[in-house]
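Let's take a walk through this structure together, one region at a time. Please have the viewer open and follow along.

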Amino acid sequence: MRWLRTVAVCVALIAVSVASELFIVGPDFFRSNQNYTMAIQNMKNKTVTVAVCLEGFSVERSVFSITKYVFLRSNKARSITFQIPYNESTISGTLTIEGINRLVFRESVDLEYKPKSVRGLIQLSKPVYKRGENVQFRVILLESDMKPPSNTNITVTVQDPFGNNPRKWFNVRLYNGVFEGEMDTNSTSPNGQYNIKVDANNGQLVSKTFEVDDYTLFPIAVDVSLASFPLQENQALNLTIVANYYFGKPVIGTVKMELYGEDGSKIFGESKEWEVYGMLQVFLPFDKPLRQNDQHEQNVKVRVFFTEIDTNRTVNETYDFTVYKYKYQAKLEQVTQDRNLSEPQYTLKITQGDAPAKAVTVRVDEGSLSSKSDPNKDYRTTTYYTSDEEGNINLSSPSNSTQLIRVSYDGDVILSVRIDHRQQKFSPYISVALKSDVKRNEKLRVDISCSHPMTFFTYYVVSKGTIVEAKRIPVKEKPTHSMVLHVTDKLLPRSTVLFITMVNNTIVHDHAYIEYNEFANNFDLRMMNEGAAVRPGGQIELNITAPKRAYVALTAYEKSFLNHHGIDHDIVFKDIQQIFDDFHRIDENNYDFFHTIGLFSRPLVSDVINRSSRQTTSHPLTSRRKMGKIKWRAGNNHNWLWKNVTISDARQKTLIEHLPNALTSWYLSGFSIDPVHGFGIIKKPLELTTVQPFYIVDYLPNSIKLEEKVELRFMLFSTIGAEYKAEVTLYNVNKTIEFSDRPADAEYYTKSLLVPTNVGVPVSFWVKARTKGEINVRVKASIPDVAEHDGMEKNIRVN
């Protein structure tokens with residue numbers, strides 16, 4: 001049975017015999033000037049008293065010692081908190097728990113000392129600057145609780161490509177953990193990579209690079225997708241090619257394609273060229289057929305060469321597609337969330353490629369291995385199942401023998417699996433499941449189940465390396481119990497809830513992760529009438545919610561610029577998550593699960609197998625109307641909003657911001673920082689696209705040569721709904737240019753052309769520059785019949 005695969009079904013054994021009737025849990029590290037909380041559970045039937053001592057050490061001596069006497073009632077859990085003093089010589093610590101009043105008990109735990117550390121971030125207004133532009137940046141410092149440090153000064157240095165320091169700020173103070181800096185570039189600033197370095201306490205905290213370059217933006221995006229599901233039997237790919245400008249309008253061009261198999265051999269590579277008017281669907285039969293073998297899927301690489309007709313700019317892209325042997329695919333997964341059932345539960349996932357296949361009926365043959373030579377006789381039962389909306393089919397299987405499962409569709413065997421139960425052994429366990437959504441300041445339902453009736457369970461909530469809650473819950477000999485947890489700010493952005501109970505003098509435990517992915521600073525940024533069409537130069541209303549007196553930083557970038565240069569210059573939600581993880585990272589330990597979540601336990605609890613419970617706009621035609629005044633659209637700087645505000649006691653602020661007179665899409669982002677509530681950031685930038693029914697796009701060079709004949713190229717676009725006659729006028733501003741086919745003193749040149757809807761129409765002018773330096777290129781386009789117009793101007797350099 002060539003397609004036979006084995007799924008090993010394992011049950012986690014998480015247990016340890018109890019050597020003591022006191023169970024102690026605490027963080028296995030501590031930090032200066034922060035609280036340290038541990039918990040002790042008294043499993044005795046009498047009240048006891050213990051002395052708990054936390055001592056810190058330097059290389060040579062003890063630097064502090066704090067002792068607390070704790071009264072422990074019978075069958076109760078209690079938290080003990082120590083305020084750790086600051087001492088710069090501290091390198092380690094010891095926690096000692098000792099019985100008093102004739103209680104014979106002593107446990108000592110070595111604790112790791114973690115110095116109070118700071119992480120840094122740098123945000124730039126954009127990743128690439130032209131010479132003469134202003135470089136803007138922010139430096140943000142955070143401590144392990146995601147709050148700004150106090151009394152911290154920094155030194156900020158900007159280093160150019162040759163190692164020189166064109167700007168340096170010495171020993172500057174932070175405002176709410178933020179420093180804002182600016183640096184001018186000029187015509188003598190060297191092109192290349194610059195580096196911003198931030199130092200504090202005689203060490204480098206963070207650095208980030210940016211570029212100074214006479215860049216050219218490449219605004220063409222080419223995408224290739226499957227037009228139909230790819231099957232090996234078809235020996236072809238049916239593809240759709242879409243070519244758009246970065247603002248979403250179609251591009252006219254030509255495309256060539258090459259296809260390669262898994263072994264790197266070319267399976268399609270004709271010299272044929274297709275014309276693309278924004279979109280093209282093409283059927284590509286393989287010149288060299290894919291091998292018909294036992295593989296259920298094979299990869300095909302598609303190389304695309306797209307050339308824009310007007311400018312001859314070329315875009316080369318490579319795409320990977322999977323060609324499947326069968327129309328549907330199947331995968332068997334074990335469901336481990338509920339171990340109270342006598343039989344193991346499985347989910348059969350039916351997919352078509354990566355997408356769930358709903359309402360698909362498959363045949364499932366089930367059976368057990370036998371000594372018979374005909375493997376088909378091993379299958380004894382046949383059942384037909386239909387997949388649900390998510391492509392899932394729920395199965396159950398006997399647990400007392402090795403089982404075979406074979407899944408077929410339309411006569412083809414799409415999956416054969418052998419399930420081996422030999423490793424299953426019944427062990428005591430406790431299981432935890434979160435049964436409601438995690439919502440801030442609301443209750444979270446938790447279901448606890450055990451292999452045996454419970455008399456109690458104890459839960460510990462751990463967040464940011466600290467036990468924030470510990471409680472023992474009595475249960476009257478029941479194997480299941482439900483409870484609620486309150487999702488407070490202490491649990492944000494993520495925490496672990498650990499449950500333990502005792503079965504036959506053996507401690508068993510399970511845990512669940514509470515992931516809210518939000519910080520205690522409830523910063524929110526919203527745009528009124530989000531999604532509504534906004535013209536270039538229009539205005540928007542931004543509504544900000546944040547803690548009172550919080551610092552809020554806002555920024556906006558051009559989407560196409562980010563698509564080309566990336567977002568490494570910015571601060572996004574995942575950067576903050578990474579900093580949080582760096583602060584609270586724990587070394588995984590398969591033999592001490594408690595250590596994996598930053599805790600110790602006494603007596604020690606070991607895991608044989610570790611387990612987790614994770615859980616387009618239309619424009620109405622109008623009769624002739626008077627045209628408004630031309631607003632000249634200037635060349636885009638690719639960033640727009642860069643400002644900060646302080647929130648009032650009302651915890652809200654409204655801003656009215658005017659958009660640049662540019663046709664583009666913008667990303668709006670922001671963050672907030674506050675000494676009490678810490679850091680907050682929006683998870684996903686707001687997106688805003690400016691639109692108008694008729695506009696002109698330039699393809700101007702950054703520089704030209706004096707007296708050299710050059711072509712100034714533009715493209716007209718219309719979404720008015722019909723073809724109209726347009727007029728395009730290039731002006732001779734300050735008589736700095738000379739038209740090639742007009743009198744030398746001509747002040748403008750007008751061309752007429754037809755502009756259909758949703759198709760770019762090129763127009764160009766041949767000129768010579770008369771003067772060196774910067775010249776202004778100004779062009780106006782209009783459709784008099786519908787009173788629509790657009791104008792733009794841009795400076796280019798003459799050498």
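**An aromatic cluster and its surroundings**

Tyr 175, Tyr 551, Phe 671 and Phe 679 come together as one aromatic cluster, where rings of Phe, Tyr and Trp (its six-membered ring) pair if their centres lie within 6.5 Å. Before going further, note that this is a predicted model, in which local features need pLDDT of at least 70 and side-chain atom pairs count only at pLDDT 80 or more, while totals for chains, interfaces and linings use all residues. Residues are numbered from 1 along each chain as its sequence is written, and side-chain values use heavy atoms, with hydrogens and water left out.

A pair of aromatic rings is described by the distance of the centres and the angle of the planes. The structure holds 22 aromatic pairs. For Tyr 551 and Phe 671 the ring centres are 6.3 Å apart and the planes are at 40°, so this pair is tilted; planes under 30 degrees apart count as stacked, over 60 as edge-to-face and the rest as tilted. Both Tyr 551 and Phe 671 are buried, where buried means under 20% relative accessible area, exposed over 50% and partly exposed in between (1.4 Å probe, protein chains only).

Rings also meet charges here. The charged end of Arg 138 sits over the ring of Trp 642, 3.8 Å from its centre, and Arg 742 lies over the face of Tyr 749 at 5.2 Å from the ring centre. The criterion is that NZ of Lys or CZ of Arg is within 6 Å of the ring centre and within 35 degrees of the ring normal.

Arg 138 leads us to a sheet: in β13, it is the bridge partner of Gln 123. Helices (H or I, at least four residues) and strands (E, at least two) are DSSP runs, numbered from the N terminus, and two strands pair if DSSP finds at least two bridges between them. Seven bridges join β11 to β13, and the two run antiparallel. The open sheet has three strands in the order β11-β13-β16, with antiparallel pairing. β11 and β16 (178-184) are at the edges with a single partner strand each, so one side of each is left without a neighbour in the sheet. From one strand to the next, the twist averages 20°.

Which strands of this sheet does α2 touch? Helix α2 packs on the sheet against β11 and β13, and its direction makes about 165° with that of β11. Axes are lines fitted to C-alpha atoms, for helices over the stretch in contact, and angles run from 0 to 180 degrees between N-to-C directions. In α2 (residues 573-583), the buried residues are Phe 573, Ile 576, Gln 577, Ile 579, Phe 580 and Phe 583. Seen down the helix axis, they fall within an arc of 160°, so they line one face of α2; the arc is that of the directions from the axis to the C-beta atoms. Their cover includes β11 (118-124), β13 (134-143), β38 (494-503) and β48 (678-681), with contact meaning heavy atoms within 4.5 Å.

Now turn to a second open sheet, with four strands in the order β8-β5-β3-β43 and antiparallel pairing. Its edges are β8 (76-83) and β43 (599-602), each with a single partner strand, so one side of each has no neighbour in the sheet. The twist here averages 15° from one strand to the next. Four bridges join β3 (residues 22-27) to β43, and Pro 27 has Leu 599 in β43 as its bridge partner.

Gly 26, also found in β3, counts as buried because its relative accessibility is 0%. Among the residues it touches are Tyr 36, Ile 467, Gly 598 and Phe 600. Strands β36 (residues 443-463) and β37 (residues 466-486) run antiparallel and are joined by 16 bridges, with Lys 443 standing opposite His 486. Two residues lie between the strands, and Lys 464 in the turn has a positive phi of about 50°.

The loops hold a few backbone details. Pro 493, in the loop between β37 and β38, is joined to Leu 492 by a cis peptide bond with omega of about -5°. The peptide bond from Arg 602 to Pro 603 is cis too, with omega near 5°. Asp 410, in the loop between β33 and β34 (412-420), has a positive phi of about 55° although it is not a glycine. At 68% relative accessibility, Asp 410 counts as exposed.

Notes
Lists of a residue's contacts leave out its neighbours within four places in sequence.
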